[in-house]
Every structure is written in structure tokens, then in C-alpha cells.
Amino acid sequence: MKKENTAFRYLINLVAIIILMVVFVVLSFHSNNTLKLKVAPAVWQCCYLIIMAASLNLVLGYLGQLSLGHCGFMAVGAYTSALISLALQRAGFYTEKNSIQFAITLIISIVAAAVVAALIGVIVGIPALRLKGDYLAIITLGFGMIIVNLINNIPFCGQQGLAEGAASSALYANGLGFTNDEKQSFMWVGVLIVVLCMTTMVMFVRSKFGRVIRAIRDNEIATSATGNDISYYKILTFVFSAFFAGIAGALYSCANVSLATTSFAFTNGSILNSVFIVVTVVVGGMGSMTGSVIAAIGMFLLNYTIKNGSWVNALPEFLKNVFTYPMLVYSIALVIVILFRPKGIMGDKELSLFDIPGYPKRIASYFKNKKAAKEV
Amino acid sequence: MSTFMQFITTGLRLGSVYALIALGYTMVYGIIKLINFAHGDFIMVGGYTLFFTIPAFMKLGLPGWAAVFIAIIVCAVVGMLVELLAYRPVRKRGNNLTSLITAIAMSFILENLAQAIPAIGPDPRVPYMLFNNDIKIGSFSISVATLITIVVSAIIMIGLYQFTQKTKIGRAMRCVSEDKQAAVLMGINVNKVIIITFAIGAGLAAVAALMYIAQYPKVTTTMGATLGIYAFVSAVLGGIGSLPGAMLGGIIIGIVQSGTSTYISSSMADTFVYLILIVVLMVKPAGILGKNIGEKV
């Protein structure tokens with residue numbers, strides 16, 4: 001790789017991001033029913049799935065620690081942002097969503113969601129210092145469960161929320177919750193947040209911190225022997241990851257008017273749960289940010305076509321039954337991916353726009369090598 | 001006083017069921033270092049087998065509980081199939097994490113396949129009630145199901161412990177879990193030992209299913225998920241890989257759960273269960289009875 005390419009690479013990425021943003025801004029102000037009813041909700045769902053997968057990738061792929069309670073942070077973020085925006089709405093700070101006041105509310109809620117989730121991340125990060133592997137996995141699972149269980153039992157997190165709330169039920173009032181119209185007109189905001197988050201995470205991974213974290217994954221003892229404070233970096237990663245999960249939670253409460261804790265559980269029937277996020281990261285490739293993005297979008301589309309696609313109705317009765325349970329299709333897809341590409345779709349490589357023209361050649365040589373290896 | 005006794009018996013009964021399931025988790029983990037997420041779903045398989053076989057046994061004039069032997073066989077076969085078809089090929093190619101993901105996938109496959117099969121269906125089923133009478137000792141009454149659950153689990157645990165200590169295959173199991181390479185050198189057929197472990201673990205899940213439906217007569221396709229997580233937490237709490245640890249962990253989790261439900265609030269039970277787990281692991285990272293193996297540089 002030549003050095004003079006770097007500036008060019010950045011330029012390409014910048015242009016791609018600008019094109020992406022322009023497309024979404026245009027789409028946001030284009031009036032169209034399909035766009036409003038189908039595309040906009042799907043884009044919002046993709047937005048938080050992408051941030052969730054990428055933020056878990058920091059812990060799972062780069063730090064090499066399995067966390068099974070990542071949705072707990074998301075729940076914290078979702079509830080924080082929903083309640084803060086609700087409080088501002090009840091206080092009469094904003095009435096319409098097309099106002100400067102709402103923009104300020106949105107920013108305050110997202111930042112608050114991220115900060116509160118990060119604080120919880122500190123608490124979860126501390127056991128990570130003492131425990132490893134499966135034990136850490138089970139502790140994070142425990143934390144996720146506790147967070148969900150506590151939210152269920154806090155009176156102001158249920159029903160109408162705040163002073164009018166009651167424990168043990170979903171939160172029906174939410175200051176952020178967008179209607180379909182608003183989802184479309186704010187679509188570009190969601191995409192912008194994803195772009196900002198992804199850029200920050202990629203920069204983090206490429207920085208000095210990112211290198212140390214990867215070193216910890218590869219060999220903890222050697223890393224500490226070279227004078228790095230392992231505890232600091234481990235907690236830092238947990239906090240950083242929780243921070244973005246909080247932002248994803250804020251996006252979730254934008255996309256959903258009512259919040260229920262079951263959406264953030266360890267497992268459930270839908271595609272948002274801690275296990276599903278882990279699965280997304282592994283399928284995309286641990287240690288590949290672009291892999292996480294591709295996997296999040298791919299998994300979402302798979303789910304979407306199974307649930308809404310007309311081709312499912314054309315299938316024979318038994319197969320139709322199978323497709324009523326998208327998790328079954330996922331798990332089979334998952335086993336296939338694991339069997340043929342144990343490191344996930346992308347492995348630990350990144351997809352770079354600059355390299356795309358060279359891909360057909362590389363794929364051809366890959367198969368050639370494989371064939372040659374077989375013949376030998 | 002009677003509230004207290006009620007809480008203790010409920011705790012012991014729940015704990016015994018968790019312990020039975022936890023034994024399966026712990027044995028598999030001990031041998032292949034894999035959290036077998038599909039283990040919870042073996043209970044579901046056992047539950048549905050019992051749902052279909054108990055009425056058939058009653059019709060033939062046999063005691064209903066004898067259906068558990070059929071359930072044990074079915075579960076053991078399912079357990080062995082899961083190992084043969086999914087875990088073994090993945091173990092050869094991937095690392096620990098890919099095996100774990102496969103386990104999660106197998107759990108989803110079993111759950112959703114059960115939902116997709118019309119005869120089993122997504123709706124909960126109500127199995128035949130077994131052991132539904134009470135024994136009175138003075139003013140205190142205890143249900144037969146509770147008594148049987150506690151006694152049977154205790155017998156199975158002791159039996160299993162003796163099995164791993166005294167028999168040839170049990171010794172082979174301990175050997176494989178200690179050092180796989182050395183086991184191969186000693187002429188132990190590692191794959192055979194792993195398969196047998198899966199069969200025993202899944203068989204125990206079938207017994208646990210019988211105990212569970214005797215108390216809560218409802219079979220659903222997702223019953224294994226919650227039970228499985230509690231049992232897994234028990235296994236970790238007691239020290240994963242250790243059989244007495246699984247017993248101890250199961251009983252602690254059961255008592256904590258029933259204690260919180262009785263004295264504080266049933267909706268807070270989860271918080272206390274996981275809080276105990278976190279506190280214990282912070283103090284003893286390998287669990288109560290687990291061995292802490294230092295890392296070699």
C-alpha cells in the first residue's frame with residue numbers, strides 16, 4: 001500500500017458520505033407513500049442496528065471479550081432519552097417537532113442517553129477486569145438482565161411515564177417517538193447520526209487506543225509487559241461501547257412511540273436482543289467495522305423480506321410455517337456462515353471503497369489458490 | 001413459620017430442578033469448554049415427549065411417570081444429534097467463539113423448529129398432572145411432587161458423582177476435561193466420551209422436564225430458554241465444571257428466587273439472582289467450588 005494513496009482514500013470516503021447524505025436529504029423531503037410507510041421505518045431500524053453491532057464489535061471484535069448484555073445499555077439509552085424528552089415536552093419546552101426547540105431536545109436527549117449508558121458501562125466494565133471469557137459473558141448477561149428487571153420495577157419508567165407512571169408495564173408516552181411522517185422527514189438525521197458514530201468508532205479503532213486494545217486481545221500479558229495499563233483500556237472500551245449503545249437506544253426511542261423492556265432482553269422472538277447483536281457481529285466478522293455494517297443491514301433485510309415479502313406466501317404450507325419464525329431461517333443461515341467462513345463474512349478485513357475495483361481480480365486469485373491448494 | 005417452610009420447600013424444589021439442568025451444562029462445559037445454549041431446549045424436547053407419552057402410558061395401564069424413560073431416550077438422541085451434526089464439525093474448524101455462536105444457533109433452531117411443526121405448534125400445551133396430592137406432617141403439608149423432585153435430584157446427583165469417580169467411562173470423562181491431548185495418548189476415544197456426555201446431560205434434562213411439569217403443568221416451546229439461563233447461572237455460581245458445584249449453585253439460586261418472591265417482590269427475583277451471581281464471581285472468579293487455574297506465561 002502506497003502512502004500517497006491515503007489522501008485519495010479519504011477523499012473518496014468523503015465524497016461517498018456526501019453523496020449518501022445528499023441522497024437521504026432528498027429522500028427525506030420527497031413526498032411518496034412507499035417511502036413514508038416502508039422505507040423510512042426500515043431506515044430507522046437499520047440505523048440503530050448498525051450502531052449496536054458496531055459498538056458491540058469494539059468489545060467483542062477488538063477487545064476480544066464476549067458481552068451478552070449489550071442491549072441493556074441500549075435500554076438505558078432508550079429510556080433516558082424518552083423520559084428526558086417527555087419531561088421537556090410536558091414542561092412546554094417544545095410543542096411541534098419542526099422547531100429549533102425540538103432540535104435542541106433531540107440533541108440533549110441523545111447526549112444524555114449516551115452519557116448515562118456510559119456511566120452504567122463503567123459499572124459493567126469493572127468486573128471485566130477480574131473475569132474473562134465465559135465468566136465475563138455470564139456477568140454481562142446478568143447485568144443486562146438486572147437493568148431490564150430494574151427498569152420494569154421503576155414506577156416512572158412505565159405507562160404514561162414520569163409522575164404519572166406505574167411500574168411493570170411498557171412506557172406508552174415518549175417525547176421523541178416519531179410518526180411515519182416525521183420518520184421520513186427526519187430520516188436524514190438518523191443517517192447523519194450513524195455516519196458520525198461510525199466515523200468516531202473507526203477513528204477510535206485506528207488510534208493509539210485501538211492498537212493497544214487489539215494488542216490486549218492478541219496477548220494480554222505481552223501488552224501489559226510493554227507498559228500499558230490494561231485495566232484502563234478495558235474499562236475505556238466498555239464505556240466507549242456503552243456510550244454508542246446509548247445513542248442507538250436514543251434512536252430506538254425515536255423510531256418507536258412506546259418502549260417495552262422485552263425488546264431489550266437477552267433473547268426474544270424479534271431481531272432486537274443481545275444475542276442477535278452478537279450474532280450480527282460474528283457474521284459480519286469480529287474486528288471489522290464495515291463487516292458489522294454489512295451484516296446489520298443484511299440481517300435486517302433478511303428479516304424484512306421474510307416478514308413482508310410476497311414470495312413467502314407463494315411457498316407450500318410447511319415451508320410457510322417455517323418462515324413465520326424468522327429466527328429459524330437466521331439460525332440456519334448462521335450455521336452455514338460459521339461452517340464456511342468461521343471468521344465471519346469480512347473476517348478482520350475492512351471493505352474500502354478504494355479497493356473495490358481490485359476485488360474481482362482478488363476473488364479470482366483466491367479461488368485459483370484454493371484450487372491449487374487442493375491439487376497439491 | 002409456615003411461610004418460612006413454604007419458602008424453603010419451594011426454593012429446594014426449584015433449586016433441585018435447576019441443579020439437574022445445571023449438571024448437564026457443567027458436564028458439557030467441563031469436557032469441551034462450550035456453553036451449550038441448546039441445553040435448555042433439551043428440556044423443551046423432554047417436556048413435549050412427556051406431553052405425548054404420559055397419556056399413552058396411562059392408557060396401557062402403566063404408571064405415568066414411567067414415560068420419563070422414553071423422554072430420556074428421545075432427549076439423549078437429540079443431544080447426540082446436535083453434537084454430531086453441529087458442534088463437532090464446527091469444533092474442527094472454528095474457535096471457542098464460533099462454537100458458542102453455533103450453540104446459540106442450535107438453540108434457536110430447536111425452539112423455532114418446534115414452533116413450526118403443527119403437532120407441537122406455537123401454543124402452550126397442558127400435560128397430564130402427576131403426583132398431585134399432598135402429604136401432611138402435623139400442621140405442615142408438602143406436595144408429593146416437591147418431595148419426589150428433591151429426593152430424585154439428590155439421588156441422581158449422588159449417583160452421577162459416583163459414576164464420574166468410580167466407573168471407567170466416568171474416569172475417562174474427567175481425564176478428557178482435564179487434558180484432552182493426554183487423554184488421547186492414554187488411549188481414550190475422546191469423541192465417544194463427548195457423545196456420552198451429551199447423552200447423559202440431555203437425559204438429565206428429560207428428568208428435569210418431568211419434575212418441572214409436575215409442578216407447573218404447562219409445556220411451551222420457549223420453556224427451555226428461561227429455565228436454561230437460570231440453570232446456567234447456577235452452574236457458573238457453583239463453579240462450572242464441578243458436579244457438586246452445580247448442585248450447590250442450583251439450590252442457592254432456587255432459594256434466592258423463592259426468598260425474593262416470598263419476602264420482597266416476585267418481579268424483583270431476577271435482580272437478586274443476578275446480583276448474587278455478580279457478587280460471588282467478583283469475590284471468587286471461578287465460582288464457589290470451582291478451581292482457579294492460574295494463567296501460565
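Mentor: Let's start with a term: buried means under 20% relative accessible area, exposed means over 50%, and partly exposed lies in between, with a 1.4 Å probe and protein chains only. This is a predicted model, where local features need pLDDT of at least 70, side-chain atom pairs count only at pLDDT 80 or more, and totals for chains, interfaces and linings use all residues. Residues are numbered from 1 along each chain as its sequence is written, chains are lettered from A and ligands numbered from 1 in the order in which they are written, and side-chain values use heavy atoms, leaving out hydrogens and water.

Trainee: Why is B:Val17 called buried?

Mentor: Its relative accessibility is 5%, and the cut-off is under 20%, so B:Val17 counts as buried. This residue is found in helix 1 of chain B, a helix being a DSSP run of H or I with at least four residues, numbered from the N terminus.

Trainee: What does B:Val17 touch, beyond residues up to four places away in sequence?

Mentor: B:Thr149, B:Ala208, B:Met211, B:Tyr212 and B:Leu227, where contact means heavy atoms within 4.5 Å.

Trainee: Why is helix 1 of chain B called oblique to helix 6 of chain B?

Mentor: Helix 1 (residues 2-32) and helix 6 (residues 168-178) of chain B pack at about 55°, with their axes 6 Å apart. Angles under 35 degrees count as roughly parallel, over 145 as roughly antiparallel, 65 to 115 as roughly perpendicular and the rest as oblique, so this pair is oblique. B:Met27, B:Gly30 and B:Ile31 of helix 1 of chain B meet B:Met173, B:Val176 and B:Ser177 of helix 6 of chain B.

Trainee: And what makes helix 2 of chain A roughly perpendicular to helix 12 of chain A?

Mentor: Helix 2 (residues 33-62) and helix 12 (residues 274-284) of chain A pack at about 75°, with axes 9 Å apart. That angle falls in the range 65 to 115, so the pair is roughly perpendicular.

Trainee: Is A:Cys197 buried or exposed?

Mentor: Its relative accessibility is 4%, so A:Cys197 is buried. B:Cys75 is buried too, with a relative accessible area of 1%.

Terms used. Axes are lines fitted to C-alpha atoms, for helices over the stretch in contact, and angles run from 0 to 180 degrees between N-to-C directions. Helices (H or I, at least four residues) and strands (E, at least two) are DSSP runs, numbered from the N terminus.
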